[in-house]
Amino acid sequence: MTDIIDYRIIGDDMQLVEVELDPMEGVRAEAGAMTYMDDGIEMQTGTGGGLFKGFKRMLTGDGFFITTFLNNSNAKRRIAFGAPYPGKIIPLDLGRMGGEFLCQKDAFLCAARGIDIDIAFTKKIGAGLFGGEGFILQRLSGDGLAFIHAGGTIVSRVLQPGEVLHTDTGCLVAFHPSVNYDIRFIGGFKNALFGGEGLFLVKLTGPGLVYLQSLPFSRLADRIITASGTNRGESRGVGGIGGSIIGGILGGDKSY
């Protein structure tokens, strides 16, 4: 059984989630996510289910170990976990979502003790090769609360049966397993060379709930690198190359 926890989300663009634990309740989180905690909460770090479980979690880009924070006192205690970069924290009540949700490989922040954090493989080779997140997604399952993090502004869409939504490969955060996930080639020489959106889009077909983010971490990192002068444009395949070259020439950059 999953622990029933109370929480509140604090902040706007650099959020943290504060979880209130009753005696003997616990919450699980990736190593390094904890911001502060009350006295009486003990840390128990492990693989979360054996060596194989730890290695599988490493495939999603997370750490080998996961930490359980257990309230061993006789009163309520609070613990908080901070988002790793600007964005929003999304609470997922898995008990009301059918017991399972899929998310991008580095989205997990924390969850009530009893929530299982596992990996899920994309079903189609095209989605795996060109989906931006590779073959591997995270699967969160259980009947309690889990928290994921995404960059920028968050948009939720409830797709009706057969309804199709196209999104940038990096902007998909999480979706219900009932949503069909595939990759669509943009097509067109000018779109591919100068569009700046990459060669592929994610095709999502309902029914089901979808969460999107406006600022993927990869896009933020690329902008920082570009501003530092060590790179030009986002590293998103052919899509940004043509625009970067022409922009540099028209802008008077003689290094082209």
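Predicted model: local features only at pLDDT ≥ 70, side-chain atom pairs only at ≥ 80, totals over all residues.
**Entry 1**

I started with an open sheet of four strands, which has the order 1-2-7-4 and antiparallel pairing.

Next I went to the pairing of strand 2 (residues 16–21) with strand 7 (residues 77–82). They run antiparallel and are joined by six bridges. I picked out E18 and found A80 of strand 7 opposite it.

**Entry 2: around strand 16**

I moved on to strand 16 (residues 172–175). Two bridges link it to strand 9 (residues 100–103), and the two run antiparallel. Across that pairing, F175 of strand 16 faces L102. Strand 16 also pairs with strand 19 (residues 208–213), again antiparallel, through three bridges. There I noted L172 with L212 of strand 19 as its bridge partner.

**Entry 3: F175 again, this time its ring**

I counted aromatic pairs and got four. How are the rings of F175 and Y181 arranged? Their centres lie 5.5 Å apart with the planes at 10 degrees, which is under the 30 degrees cut-off, so I logged the pair as stacked.

F175 comes in at 3%, so I put it down as buried. Y181 has 11%, so it goes down as buried too.

How values were computed:
Residues numbered from 1 in each chain as written. Heavy atoms only, no water. Pairing = 2+ DSSP bridges. Phe/Tyr/Trp six-rings, centres within 6.5 Å; stacked < 30°, edge-to-face > 60°. Buried < 20%, exposed > 50% of the residue type's maximum accessible area, 1.4 Å probe, protein only.
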